[in-house]
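Dear colleague,

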Amino acid sequence: DIDYGTLISLSCEDADAEIYYTTDDSEFSIENWKLYTSEISITENITIRAIAIKTGNINSNITQQTYNLKTYTISFNLEDGTLETDNILVYSGSNFDLSNLLPTKNGYEFVGWKYEDNIVSNLTDIRKNIVIIATWKPNTYTVIFDANGGTGTIENQIFTYDIPQKLNKNNFTKQNYDFDGWNTKSNGSGISYKNEQEVSNLTDINDDEIILYAQWKIQNQVS
């Protein structure tokens, strides 16, 4: 087996003879075969058939030689992501464009492929088995606090995916009501959270906004 791009020379004992060659199964003819003028670069598995011709002489026998390229494997370390492609087999010495290999991971943005500590968009002159690593940036999102009929202000809160964080302390008030936690629905039919509860991954969408509505419980009235 040979490397991608290896240059092959064709020759015969009579330096004055012309050499014609082909890489397909066609019958010999000067019109269909190529005149050999320079070295042939091997970029795929091929069989070269050649013949030497000299005016006034009998043509040589057709000779043939098969050339197979060495192959190597590109493997993927997805760091818990997914990719709809298995390991890739490439020819030795070839290049490979990575721009169309786009893995996914819930809650993360794909940054690129890392190889030998660098982010790369293509691999060049491959001459060994290679492992490339997917790199990720966690998504961020904003939690917005809605007083839901109460009064006061609470600053919006930025969260990073997979990093737990306590919700901001409730500062809302509502006359004749006690605060009774948060909910993703104003009517309390969604997901409930306690005051200052540690939460994470309320959404996996980058730059998303999650609204938490204050829930209120009417105070006991003393007559």
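**Salt bridges and their partners**

Asp14 has a relative accessible area of 29% and is partly exposed (buried means under 20% relative accessible area, exposed over 50%, and partly exposed in between, with a 1.4 Å probe and protein chains only). Please bear in mind that this is a predicted model, in which local features need pLDDT of at least 70 and side-chain atom pairs count only at pLDDT 80 or more, while totals for chains, interfaces and linings use all residues. Residues are numbered from 1 along each chain as its sequence is written, and side-chain values use heavy atoms, with hydrogens and water left out.

The structure holds 5 salt bridges, each being a side-chain nitrogen of Lys or Arg within 4 Å of a carboxyl oxygen of Asp or Glu. In one of them, Asp14 meets Lys54 at 3.1 Å, N to O. This pair links distant parts of the chain, with Lys54 in the loop between strand 5 (46-53) and strand 6, and Asp14 in the loop between strand 1 and strand 2 (18-22), 40 residues apart; helices (H or I, at least four residues) and strands (E, at least two) are DSSP runs, numbered from the N terminus.

Salt bridges that share partners also join Asp3, Lys70, Asp125 and Arg127 into one network. Within it, the side chains of Asp3 and Lys70 meet at 3.8 Å, N to O. Asp3 lies in the segment before strand 1 (6-8) and Lys70 in the loop between strand 6 (63-67) and strand 7 (71-77), so this pair ties together parts that are 67 residues apart in sequence. Asp3 also forms a salt bridge with Arg127, whose closest N and O atoms are 2.9 Å apart.

Kind regards
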